[in-house]
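Please look through the structure below with its sequence beside it. The paragraphs after it lead from one part to the next.

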Amino acid sequence: MNVYLDNAATTAIDNEVFEAMKPYLLENYGNPSSIHSHGRKVRSAIEYARKTVAELLHASPSEIFFTSGGTEADNALICSSIESYDLNHAISSKIEHHAVLHTLENLEKQGKIKLSFVNLDGNGNVDFDHLEELLKNNGRSLVSLMHANNEIGNIIDLDRLGDLCENYGAIVHSDTVQTMGHYKHDLSKLKLHCITGAGHKFHGPKGAGFMYIDKHTKIAPFIHGGAQERNMRGGTENVYGIIGTAKALEIAYRDMEEHQVYIQELKDRMITKLKNSIEGVGFNGESENKDRSLYTVLNVCLPPSPDNDMLLFTLDINGISASGGSACSSGASKGSHVLSGINADPNRGAVRFSFSKYNTPEEIDYAAEKVAEFYSELAVKS
């Protein structure tokens, strides 16, 4: 059996999405910047895609800019916000995606900003009292905190974040890559200046995404070289990627409630199976908590064992794709910066299972069975 349980990394493209993209791969190949009929037809399709994304997010089409994905969008929004608003302080957390973390660290290294990290509790939740203290003591800041963590699934309250930051005039950016297409975002109500999305996280194509920039937020372009995306992102548009991303988001919103229930059931099934078959198993962050974590992600805290690093290999040879790691131990150069950021035990390995609408209960049972077999064999050897 081949089982794909790494959907937080990327998802299978939906067949409806592929069919929507196909004409722009084979027939409608004009450059959207060209003024002739071939170009105009493609330009119209891009603008329809922009309108689709905007309507789903309760935004204006003028607030949606297409990019190559979440990493570019995060880089553009962070760097351009700091430059355009002449900010010299940023607040983030130590468990952000590297697209955010490395960008901010690089800006600090260049001497452009002072970077502060908000405190987290043992499960990785943001200490809002400390966040307010940082806002109060450092002047106007950029605040960049992800909506949901890609490794442990923790979800932050964006309403609370926006309200607090508004009190101190902060510019607020949130990486919403893991929640886009899985939860509904009403940007007309959220007090956020900018967010990001990536099509391949919700059954769209790789290499395509978007950024939302609130109409009252004026930032300079990050990529120069052309007038595309209303002078905000130079370069010929990834037309079929844009078409596919918009179609994928449309399908995600159409079927969201059904898929939320179904995928949560798969996650609950995995939790129950693992608890019943492995002594000492736990779950990192809030990933076991329905109300505070992604329904698509489960980060399993494995029993202490020197052989934990063999689990992913064992799963792989049994046809199961998942991801994992452990907290960085002292002197180690590799490991999960997220698990280290919440002070997880470095002697306990971790495996992240992430689920999609295409997974089945049978696949969940098979994967849980193989994890249980691995630890049963370890127990026999010891």
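What follows is a walk through a helix pair, an aromatic pair and a loop residue.

The model is a predicted one, in which local features need pLDDT of at least 70 and side-chain atom pairs count only at pLDDT 80 or more, while totals for chains, interfaces and linings use all residues. Residues are numbered from 1 along each chain as its sequence is written, and side-chain values use heavy atoms, with hydrogens and water left out.

A place to begin is helix α3 (residues 70–84), which packs against helix α4 (residues 98–109) at an angle of about 35°, the two axes lying 9 Å apart. Helices here are DSSP runs of H or I with at least four residues, strands are runs of E with at least two, and both are numbered from the N terminus; the axes are lines fitted to C-alpha atoms over the stretch in contact, with angles running from 0 to 180 degrees between N-to-C directions. The crossing of α3 past α4 is right-handed, a term used when the near helix is turned clockwise from the far one by less than a right angle. On the α3 side, T71, D74, N75, I78, C79 and I82 meet A99, V100, T103, L104 and L107 of α4, where contact means heavy atoms within 4.5 Å.

Helix α4 can also be considered by itself. Its 12 residues should span 16 Å at 1.5 Å a residue, and this agrees with the 15 Å between its end C-alpha atoms, the expected span being 1.5 Å times one less than the number of residues. Buried within α4 are A99, V100, L101, T103, L104 and L107, where buried means under 20% relative accessible area with a 1.4 Å probe and protein chains only. Among the elements that cover these buried residues are α3, β3 (89–92), β4 (114–117) and α10 (337–341). Just after α4, G111 takes a positive phi of about 80°.

Elsewhere, the structure holds 2 aromatic pairs, rings of Phe, Tyr and Trp (its six-membered ring) being paired if their centres lie within 6.5 Å. In one of them, the ring centres of F374 and Y375 are 5.0 Å apart and the planes stand at 85°, so this pair is edge-to-face, the word for planes over 60 degrees apart, as against stacked for under 30 and tilted for the rest. F374 counts as buried at 8% relative accessibility, and Y375 is buried at 10%.

Lastly, I156 lies in the loop between β5 and α6 (158–167) and is buried, with a relative accessible area of 9%. Residues that I156 touches include V126, F128 and L145, and the C-alpha atoms of I156 and V126 are separated by 7.5 Å although the two residues are 30 residues apart along the chain.

Methods:
Buried < 20%, exposed > 50% of the residue type's maximum accessible area, 1.4 Å probe, protein only. Lists of a residue's contacts leave out its neighbours within four places in sequence.
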